[in-house]
Amino acid sequence: MGNFIVDELNDRGTKYFLIRREEDRKICILPTKYLKHKMRLNRSPNTVKGIARSLVYFMRYLSSHKMELEDLFGLPYLSQMEIFQGFLHYLKSRNHVYEQKSGKIENNTCNLYLRNVFGFYQYLEMLEGQFGTLSALEEREVSYTNKVGNRRTRIVRRFEGYLKEYEVKESGTDREDLIKLLEACDNSRDQVLLLFLAETGVRPGELCGIKQIDFDWSKQRVYVCSRTHQENEARAKNEEQRWTTISNESLLFLCRYVQEYKDILIRSEYLFVTLTGKRKGKALKTTAVSAMMRRLKAKTGITVTGRKLRHYFATERWKGGWGIETISRALGHRNLDVTRRYIDMDQEVLAEATENLFQSNEMYATIAGKLL
């Protein structure tokens, strides 16, 4: 069975992904063109790398059936369905993993890999018209109501053979756990990281990309924006740009962090930097944030992730009286991008709601009293 691998190439600060045949290192042209297309659309490197893995798994599966990617276009509907559903069961059985087989792979994950594969085929349909279309993707008319209440219909293409998905409910971090995690931190930088994630709802990748010029000390606001070619490869998801606000207590933690590590921070443009080792003074990477969270779990027994802290943020804002659309905007969700022309008004509403929440919530004063 042929094997395929994902390779990386850095061209003038931009990362590209290639798919190669392992035996001769030959580049697989069509999937590599698709990955380059996704990078040109400013998709995050992690997203594109995930797509590349999905394609590699599918190419390995097709190779076991002595098929190439283009061969599927010539197959009838039932044969295409058999191939795609067979791929799902191939994933579910962990046949795509060459190392020791252990644990399990969720149906949701298998379906995600296949959706990535369909994205590639739809790209071929649009730009490489000689291949035709996939009959396994059926056209359906769906109706929906837009944000102003108007009824609309549109045509979508759907695959009816996915594995049954189960809703994954992840609870957020609560206040007591957050205080325990802050007490267990090794340094003030990690405390500020946790507080920023809990209070602003930003993603760890967005937080690592924040530069010192992005913080407005007078208004206690952090500017989250998307930048490419950052030394730690951090970036805002979905090309989001927004302001978010921290509490007075978190500002005190930030001041202590800046004072303690001013000799390091003065040589960096980033707000969060590596404090020791070979990368001392360099912009903090998301892998370092994940490692910090694993250390905290080992110390406290409390599982903390960026997703849990975003869940905490959303829950606290909901309790504080925020509307769901304000929360969604604060989290940087793409579904409110259509309101970008109102961004100035939205940011002022967001800042005012944050300030009111901090003034009425004693939790942040409790944290400061315990740790400062």
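How exposed is Tyr-162, by relative accessible area? Tyr-162 is partly exposed, with a relative accessible area of 24%, where buried means under 20%, exposed over 50% and partly exposed in between, for a 1.4 Å probe and protein chains only.

## Basis of the model

This is a predicted model, in which local features need pLDDT of at least 70 and side-chain atom pairs count only at pLDDT 80 or more, while totals for chains, interfaces and linings use all residues. Residues are numbered from 1 along each chain as its sequence is written, and side-chain values use heavy atoms, with hydrogens and water left out.

## Aromatic rings around Phe-159

Rings of Phe, Tyr and Trp (its six-membered ring) pair if their centres lie within 6.5 Å, with planes under 30 degrees apart counted as stacked, over 60 as edge-to-face and the rest as tilted; by this rule there are 25 aromatic pairs. One of them is the tilted pair of Phe-118 and Phe-159, at 5.1 Å centre to centre and 55° between the planes. Phe-118 belongs to helix 4 (residues 107-127), whereas Phe-159 lies in the loop between strand 4 (151-158) and helix 5 (175-183), 41 residues apart; helices (H or I, at least four residues) and strands (E, at least two) are DSSP runs, numbered from the N terminus.

Both Phe-118 and Phe-159 are buried, the latter at 6% relative accessibility. Phe-159 also forms an edge-to-face pair with Tyr-162, at 5.1 Å centre to centre and 85° between the planes.
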